[in-house]
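Please have the model open as you read along.

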Amino acid sequence: MGGHIVTSFDQDLDRIEKMIRDMGELGAEMVAGATRALLASDEPLAQRIVSEDAIMDARQREVDDAAITLIAKRQPMAQDLRAVIGALRIAADLERIGDLAKNIAKRVPTAGGSSIPKSLSGSLQTMSDLVLVQIRSVIAPYTAHDAEGLADLRDSDEKIDVLYTTVFRELLTYMMEDPRNISACTHLLFCAKNLERIGDHVTNIAENAYYTLTGQQLPASRPKADETAMAQA
Amino acid sequence: MPEAIMNQQTYRKSEFANPAGPDSAAFSRPNTIPDELRADVRGLSFWYNDFQALNNINLPIAEKKVTALIGASGCGKSTLLRCFNRMHDLYPGNRYEGEIVLMPENQNIVDKAIDPIRVRLKAGMVFQKPNPFPKSIFENVASGLRVRGIRDKALIANRVEEVLRQAALWDEVKDRLDHSAYALSGGQQQRLCIARTLAPEPELILLDEPTSALDPIATARIEELIESLRDHYAIVIVTHSMQQAARISAYCAFMHLGELVEFGSNETIFTSPKEKRTQDYITGRFG
């Protein structure tokens with residue numbers, strides 16, 4: 001795609017894209033840090049993640065401002081318009097990812113550490129790793145303008161949903177075994193749910209990025225493997 | 001025999017092998033729309049003497065909708081617009097091929113057998129620069145009726161008021177209908193020209209950059225007027241303002257070097273155009 005005749009238009013668009021990339025990197029870092037803090041009961045790290053959410057919020061406001069200014073100044077059309085609207089929506093999803101990571105970090109003092117059974121911490125770590133891979137593999141093709149790389153990305157959200165269902169059942173078992181586990185297990189359940197929600201936001205980002213790059217919507221139906229809505233104790 | 005093959009290839013590429021006539025165009029209609037048609041451009045080519053300015057244009061014009069023609073200067077959009085009222089006939093050496101079929105009468109208006117004056121009664125045109133006649137406001141509108149042969153004074157007075165109201169000008173001029181049209185502001189003059197066009201009840205309204213000489217307020221008034229007129233007329237507008245085309249048109253055609261590159265609904269052209277050249281043009285990129 002050639003550049004605009006007005007080069008400052010390109011610079012404005014590039015700036016917004018760079019903000020999204022930065023937000024994506026920050027989001028990935030927050031998710032990784034929050035999980036590490038949870039599993040290692042690392043409270044200083046957890047506090048840092050909580051404070052990083054303020055940076056994430058500020059970045060989202062910057063994207064909002066830049067996008068609104070660009071629309072007012074340049075009246076973008078076609079792929080430029082899609083890029084600006086897409087950036088607004090992607091920034092909103094990334095901001096939510098930051099919130100969810102912060103929420104995991106806030107639970108570290110009550111739920112974290114050695115009390116987590118091995119198999120469970122393994123599942124949480126795997127969920128977190130999958131989510132991280134997803135975040136990185138949505139931001140990279142978005143900034144590289146590679147729509148093909150985005151089309152099959154949301155399929156891998158299915159794996160996260162399957163893991164979440166496993167963690168959900170496992171936590172239910174622990175709570176039934178010993179009611180004293182209930183408090184910690186509930187916190188861990190929220191942490192797992194947060195990771196699962198982050199996966200959903202990444203899927204949203206992939207869909208928005210695909211539309212931004214191609215002008216086509218991905219088909220509405222996508223695999224769904226979170227069965228906890230039907231689960232019984 | 002290599003020479004014979006060469007000749008055949010040259011022949012296949014030549015215009016004789018594949019004339020862009022009405023019959024060949026009728027077979028392959030690339031641009032179709034679900035709306036009722038007011039006019040249908042079929043395989044239209046046009047030459048200014050030896051220079052081919054339009055090449056095999058296929059374009060449906062929907063009834064009671066605005067169709068915008070966009071493209072860089074020299075792409076042929078004004079040339080195409082002027083075919084609709086046979087303005088090119090004023091100069092010798094100009095030549096049409098193909099058809100512009102006016103519906104529902106199913107009449108090819110670029111057919112030499114049809115009197116261009118009759119075509120112009122059906123297709124009223126408004127130009128970039130307001131061009132009122134050096135007459136009174138009333139006479140400017142009435143003259144359009146007089147060329148139709150209408151002499152009844154009461155009828156003319158009624159129709160003048162009616163179209164001045166349609167052109168959203170009546171309240172501003174009703175007390176000074178006998179004043180010179182030149183006393184009006186640029187935007188008012190342009191609305192007067194539109195009123196003059198409406199008077200003989202045209203079937204098609206052709207607007208050639210109607211707001212490019214006007215300020216934003218006068219432009220907004222004209223756009224408001226176009227929006228009210230599209231409930232009654234088929235409108236074709238040539239505009240250099242992409243935003244204007246996006247605001248008022250239902251369909252949009254992008255032209256480049258005498259060809260129609262892409263035709264589509266407003267939504268498609270301005271959010272997800274299919275052709276790279278359309279995309280480059282409407283987003284302001286290099287071709």
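Strands β3 (residues 66-70) and β8 (residues 234-238) of chain B pair in the parallel sense over 4 bridges; pairing asks for at least two DSSP bridges between two strands. Strands (E, at least two residues) and helices (H or I, at least four) are DSSP runs numbered from the N terminus.

This is a predicted model, in which local features need pLDDT of at least 70 and side-chain atom pairs count only at pLDDT 80 or more, while totals for chains, interfaces and linings use all residues. Residues are numbered from 1 along each chain as its sequence is written, and chains are lettered from A and ligands numbered from 1 in the order in which they are written.

The pair belongs to an open sheet of 6 strands in chain B, ordered β6-β7-β8-β3-β9-β10 with mixed pairing. β6 (123-126) and β10 (259-265) of chain B each have a single partner strand, so one side of each lacks a neighbour in the sheet.

| Helix | Partner | Angle |
|---|---|---|
| α3(A), residues 78-106 | α12(B), residues 276-283 | roughly 70 degrees |

The axes of α3(A) and α12(B) come within 7 Å.

Terms used. Axes are lines fitted to C-alpha atoms, for helices over the stretch in contact, and angles run from 0 to 180 degrees between N-to-C directions.
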